[in-house]
Amino acid sequence: NRYLHIVEDKLGVKPGNVLDVGSAFGTFLKVASTRGWKPHGAEYSKFSSSAARDHWGFEIFNGDITGSPYEKGQFDLISYWDVIEHVIDPRANLEKANALLREGGKVLITTDNYQSLLATIANLAYQISLGKVKYPVQKFWIPHNTYYFKPDNFKMLLKATGFKPVFFEKLDYPIDKLDVSGFEKQLVRVLYAMGNFINMNTQFMFIAEKERDIQR
């Protein structure tokens, strides 16, 4: 995994305990374990968490990280892969992550960018049409999300929860995972290229270091 390379090689974190929040079937944890990390997970879905435990033998807590039994300072790395936008309380999640990380530990987060070219076009189409053109907005402003982040306000959230950003990158959600037609995928490829050129990609990643303790 490219981002584990960054965490280990560029940021100097030696493989230790990793907690994947929203660990699903344990795919990331399996990759991390092959690199020497000790895998742990937190997953809402009983089915997914049970499958990860049964198939891989990983320690998976079924529920929100805020109610997890993990110990203070237990982890070297906590990851959120396209998860933070779905949780009920992102601030409480990150405060809990802060408590669970050792001093200097890292949190790795990817999430959708609502300052992207696609989001901007979808909003303009909706506004100019006086609400008649809804399809682009419905495809991008996903109803399952509880929060819609932009890089600047997410950076503020990290700082408010005791983290110092040490790596930032804009990226795009994999086209093959999009639930759209073949023609739409071709159009998205063009828009992805345009968005990348003008630095308005559909997602972004932060890796941040625990800078101070947050009392909970």
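Tutor: Tyr80 stands opposite Ile109 in β5. The model is predicted: local features need pLDDT of at least 70, side-chain atom pairs count only at pLDDT 80 or more, and totals for chains, interfaces and linings use all residues. Residues are numbered from 1 along each chain as its sequence is written, and side-chain values use heavy atoms, with hydrogens and water left out.

Strands β4 (residues 75–81) and β5 (residues 101–112) run parallel and are joined by six bridges. Strands here are DSSP runs of E with at least two residues, helices are runs of H or I with at least four, and both are numbered from the N terminus. Two strands pair if DSSP finds at least two bridges between them. In general, strands of a sheet pair through backbone hydrogen bonds, either parallel or antiparallel.

β4 and β5 belong to an open sheet of seven strands with mixed pairing, in the order β3-β2-β1-β4-β5-β7-β6. At its edges are β3 (59–62) and β6 (163–171), each of which pairs on one side only. From one strand to the next, the twist averages 15°, with axes taken as lines fitted to C-alpha atoms and angles running from 0 to 180 degrees between N-to-C directions.

Tyr80 also belongs to the largest nonpolar core, which has 25 residues; Leu19, Ile78, Tyr80, Leu94, Phe154 and Leu158 touch the most other members. Such a core is a set of buried Ala, Val, Leu, Ile, Met, Phe, Trp, Tyr and Cys residues joined through side-chain atoms within 4.5 Å. Buried means under 20% relative accessible area, exposed over 50%, and partly exposed in between, using a 1.4 Å probe and protein chains only. At least two residues of this core come from each of β1 (17–21), β4, α4 (90–100), β5, α7 (151–160) and β7. A second, separate core of 19 residues includes Ile60, Leu77, Leu171 and Ile207.

Ile109 is also among the contacts of Leu158, which include Leu94, Val107, Phe163, Pro165, Phe206 and Ala208, leaving aside neighbours within four places in sequence. Contact means heavy atoms within 4.5 Å.

Asp112, in β5 (residues 101–112), is touched by Thr202. Thr202 is found in the loop between α8 and β7 (203–210) and is buried, with a relative accessible area of 4%. The side chains of Thr202 and Asp172 are joined by a polar contact of 2.8 Å. A polar contact is a pair of N or O atoms within 3.5 Å; within protein, one must be able to donate a hydrogen and the other to accept it, and residues adjacent in sequence count only if both atoms are side-chain atoms.
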